[in-house]
Amino acid sequence: LSRGLGDVYKRQIVSCGEGARKDSGELIPMAVKANDVVLFGKWSGTEVTVEGEELLIMKESDVLGIIS
């Protein structure tokens, strides 16, 4: 599920949305994409179970870094 690196964790992205919207409606595209491996803090996101698979839903702003 996750591999602890102190208070930083690592997971592979399964899926992501199109991005955020500015007040003007302009799309701000995501910097991450499916299959990227990212680092994030211990309290980031919300854990959910979908069809028996444990997933973590989080905002892109919770990502500390993209490592691959």
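Trainee: Where does Glu51 lie?

Mentor: Glu51 belongs to the loop between strand S5 (46–50) and S6; strands are DSSP runs of E with at least two residues, numbered from the N terminus. The model is predicted, with local features needing pLDDT of at least 70 and side-chain atom pairs counting only at pLDDT 80 or more, while totals for chains, interfaces and linings use all residues. Residues are numbered from 1 along each chain as its sequence is written, and side-chain values use heavy atoms, with hydrogens and water left out.

Trainee: Is Glu51 buried or exposed?

Mentor: Buried means under 20% relative accessible area, exposed over 50%, and partly exposed in between (1.4 Å probe, protein chains only). Glu51 has 84% and is therefore exposed. Its phi is positive, about 50°, although Glu51 is not a glycine.

Trainee: What is the phi of Asn35, and in which loop does Asn35 lie?

Mentor: Asn35, also not a glycine, has a positive phi of about 80°. Asn35 sits in the loop between S3 and S4, and its relative accessible area of 54% makes it exposed.

Trainee: In what order do the three strands of the open sheet stand?

Mentor: Strands of a sheet pair through backbone hydrogen bonds, either parallel or antiparallel. Here the order is S1-S4-S7, with antiparallel pairing; two strands pair if DSSP finds at least two bridges between them. S1 and strand S7 (63–66) are at the edges, each with a single partner strand, so one side of each lacks a neighbour in the sheet.

Trainee: Over how many bridges do S1 and S4 pair?

Mentor: They pair over five bridges. Val8, a residue of strand S1, has Gly41 in S4 as its bridge partner. At 25% relative accessibility, Val8 is partly exposed. Between Val8 and Lys33 there are 20 Å in space, C-alpha to C-alpha, for 25 residues in sequence.

Trainee: What volume has the largest pocket?

Mentor: Rolling a probe the size of a water molecule over the atoms shows where empty space is left. The largest pocket has a volume of about 610 Å³. A pocket is an open set of points on a 1 Å grid over the protein atoms alone, where a 1.4 Å probe fits, with protein on both sides within 12 Å along at least five of seven lines; lining residues have an atom within 4 Å of a point. Grid points are joined across faces, edges and corners, and the volume is the space filled by probe spheres set on them. Of the 25 lining residues, Ile13, Val14, Ser15, Leu56 and Met58 are the closest to the centre of the pocket.

Trainee: Which strand gives the most to the lining of the largest pocket?

Mentor: S6 does, with five residues.

Methods
Helix = DSSP H or I, 4+ residues; strand = E, 2+ residues; numbered from the N terminus.
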